[in-house]
Amino acid sequence: MPGPHRIKNYGRHGRGDYRPAINSEKRIDAAESMISLKGLKKTYPNGFTAIDNLNLDIQDGSFTVLVGPSGCGKTTFLRMIAGCEECTEGEIFIRGRNITKKAPGDRGVAMVFQNYALYPHMTVEKNISFGLKNYGYGREEIRAILRDVLELVGLLDYAKSKPSSLSGGQRQRVALARAISKSPEVFLMDEPLSNLDARLRVQMRGELIRIHQKIGSTTIYITHDQVEAMTMGDCIAVMNEGAIMQCGSPDEVYNNPANIFTARFIGDPGMNIVAWRDGVSLGFRSSKALLQRPSQFAGLTLNAAVRTREHLGEVYRYTLATARGEEIEIRNDYLLETGRHLAIYIRGENLYAFGADSGRIPTAGLVDDAEI
Amino acid sequence: MSDGTLSPKKILMGALTAAVFAALLAAFIFPMFFMLSTSFKTLREANITPPSLIPSEFHPENYAAAWRRMNFPHYLLNSVFITVCTIAGQLLVCVPCAYAFAKKQFRFKNILFALVLFDLVVPAQAVFLSYYLIESRLGWIDTYRGLVVPFAYSAYTIFFLTQGFKTVPDEILDAARMDGSSEIQIIALIMAPIAKPVIIAATLFTFAYKWNDYFWTSILTTSEAVRTIPMAIQNLMPTDHTIREWHIIMSGNVMLFAPMFVIYILAGKYIKESFTYRGGR
Ligand SMILES: Nc1ncnc2c1ncn2[C@@H]1O[C@H](COP(=O)(O)OP(=O)(O)O)[C@@H](O)[C@H]1O
Ligand SMILES: [Mg+2]
């Protein structure tokens with residue numbers, strides 16, 4: 001893809017030594033993968049293991065969103081790739097080069113930090129050129145890159161401003177421009193939009209995607225917000241307690257969740273899960289719950305009582321409690337009174353089954369006529 | 001006092017507050033005022049009891065006399081040179097130390113920092129003999145390096161800078177690392193400029209400490225060669241029992257104090273900033 005600007009790979013003039021062609025390090029099989037993580041583990045000095053045996057391959061040019069609840073180890077994971085955190089175990093490959101022991105500046109990666117991490121004493125321009133100078137770019141080249149990246153993020157008029165005089169959204173753009181300026185092989189973004197207000201966040205989402213499509217660098221984007229993940233990622237990695245639960249397209253993680261965690265975490269609302277028998281649980285999306293028994297019905301009949309009702313405008317959002325006290329959520333435009341007992345019906349093809357280890361198991365023939 | 005009524009308790013508190021302020025004022029301002037006032041008096045007026053607050057005649061020529069009799073330029077040069085070198089030495093030694101204590105993980109860090117903290121409470125009087133003996137072995141007595149090199153390390157400066165550096169967010173330093181900076185570049189181009197108020201304040205404290213130092217200079221020198229202004233003022237004191245020329249001595253004191261006062265006025269903003277410093281945010 002032709003880039004919009006004249007940015008070259010950094011390290012061309014500088015001390016970066018990660019160009020694969022001149023690298024003597026052993027190349028590994030995953031040649032088509034941009035980033036390959038093998039058995040990563042991070043144990044902090046206080047003994048806490050934040051990441052354990054993490055394996056992941058990320059495709060060249062993809063926009064991979066790593067999503068998971070707060071504290072699950074997303075930042076730790078990203079900082080390990082960036083080189084800001086040592087790996088206790090495991091190896092990191094970028095284009096087949098082992099960079100596990102390389103300094104942060106020599107990895108060909110750039111990062112957008114959660115709190116922007118701009119240099120407060122430097123102007124916007126200096127914030128961007130600081131790294132370029134370190135990489136040995138000439139003055140003319142830096143000027144051209146500055147113009148390109150500031151234009152890309154729409155901040156040409158702010159080149160001489162200090163970060164303290166900019167709004168949150170503008171600071172985030174500067175951080176973005178700083179990362180782009182180095183035209184890295186890999187972009188890392190740690191919840192870059194979490195400090196922005198809701199409207200700006202939606203706008204910046206679109207802009208990030210636009211920029212990604214324009215420059216085409218492999219991006220790993222972190223968020224705890226599954227909506228952001230679903231709308232932005234072309235590949236989603238779901239993380240929980242330091243492990244990748246599932247990795248796939250938004251479609252796949254939504255329609256084909258590999259385990260209960262992913263099923264519950266992805267989607268708004270997440271999947272309803274009810275225990276069935278022999279340790280097997282059944283799951284279904286709230287949009288698939290029917291209030292009337294269809295003719296020729298094969299599937300799950302679920303008896304429950306309406307607990308709460310919320311008006312969402314077009315539909316009502318109900319929480320229901322099953323006889324065992326499990327809570328499920330459905331959305332429907334029927335008006336139901338709270339306290340009412342009713343049966344809901346889910347067709348077999350809309351059911352998901354999970355085994356005792358919470359992993360997905362086939363439903364075929366399992367639930368032709370189940371009742372809870 | 002939001003409700004505006006005056007209970008006896010509040011009156012008492014108000015009176016106490018006023019008294020404390022008055023005491024502080026007396027303790028800090030009055031000696032300076034008296035120094036300044038005496039420096040313009042005649043020999044006679046400087047020695048009367050009770051002393052006068054305002055001189056009845058002004059004699060600015062006392063300063064010329066002090067300048068001459070102290071051989072002021074010689075000591076001024078020594079003072080400036082030694083103070084500047086000490087500050088430079090401290091910046092070279094203490095800034096990297098503080099950076100390491102504030103932002104790096106290394107073995108024995110806690111023990112080393114505890115030693116620095118301990119050093120804060122060790123009085124100079126307890127260790128000066130060791131300094132003296134070491135310097136005389138090295139042949140450093142009566143040299144500039146004898147008055148500078150040992151003082152490039154300062155527990156106080158390290159502690160003060162460490163506390164300030166801690167407030168600078170790690171993310172910014174990581175960003176600099178990802179921008180390909182070495183640790184030295186991070187210290188010089190990122191940490192130091194961001195923590196500028198803290199560094200300036202520490203420098204000023206070192207300046208005041210070194211500029212006014214009498215104790216160490218008197219121990220580590222034996223001749224006039226490298227002595228500084230505080231010792232020159234001491235030379236204005238008569239060695240026999242003749243009358244003390246307080247007016248001349250006070251003129252010398254004002255000359256010692258004046259540069260510090262000017263610098264404080266110029267940089268006082270940074271001192272205040274350094275105490276409310278939040279890492280450049
Ligand atoms: N420096 C550290 N020392 C010890 N534990 C840490 C450190 N940094 C993070 N943790 C812990 O590691 C876990 C993952 O943290 P983090 O990667 O920041 O999660 P996330 O970014 O997903 O919210 C958390 O439980 C956190 O408390
Ligand atoms: Mg985080």
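Which side chains meet in a salt bridge at 2.6 Å, N to O? They belong to B:Asp179 and A:Lys182, where a salt bridge is a side-chain nitrogen of Lys or Arg within 4 Å of a carboxyl oxygen of Asp or Glu. The count between chain B and chain A is two such bridges.

A quick word on the ground rules. This is a predicted model, with local features needing pLDDT of at least 70 and side-chain atom pairs counting only at pLDDT 80 or more, while totals for chains, interfaces and linings use all residues. Residues are numbered from 1 along each chain as its sequence is written, chains are lettered from A and ligands numbered from 1 in the order written, and side-chain values use heavy atoms, leaving out hydrogens and water.

**Where the chains meet**

On the chain B side, 16 residues are in contact with 26 residues of chain A (contact means heavy atoms within 4.5 Å). Together the two chains bury about 1700 Å², 58% of it on carbon and sulfur atoms; buried area is the accessible area (1.4 Å probe) lost on putting two parts together, summed over both. B:Glu171, B:Met178 and B:Asp179 supply 45% of what chain B buries against chain A, more than any other three residues.

There are also 12 residue pairs in polar contact across this interface, both residues at pLDDT 80 or more. A polar contact is a pair of N or O atoms within 3.5 Å; within protein, one must be able to donate a hydrogen and the other to accept it, and residues adjacent in sequence count only if both atoms are side-chain atoms. Two elements of chain B give two or more residues to the side touching chain A: helix H9 (170-178) and helix H10 (183-194). Helices here are DSSP runs (H or I, at least four residues), numbered from the N terminus. H9(B) brings the largest share, seven residues.

**Around ligand 1**

Now to chain A, whose residues around ligand 1 include A:Asn46, A:Phe48, A:Gly73 and A:Thr75 (a heavy atom within 4 Å of the ligand puts a residue there). Helix H1 (residues 74-82) of chain A gives the most to this shell, three residues.

| Residue and its atom | Ligand 1 atom | Distance |
|---|---|---|
| A:Tyr44, side-chain N or O | nitrogen | 3.3 Å |
| A:Cys72, polar backbone atom | oxygen | 3.3 Å |
| A:Lys74, backbone N or O | oxygen | 2.9 Å |

On its own, ligand 1 has 560 Å² of accessible area, and the protein covers 62% of that (Shrake-Rupley method, 1.4 Å probe).
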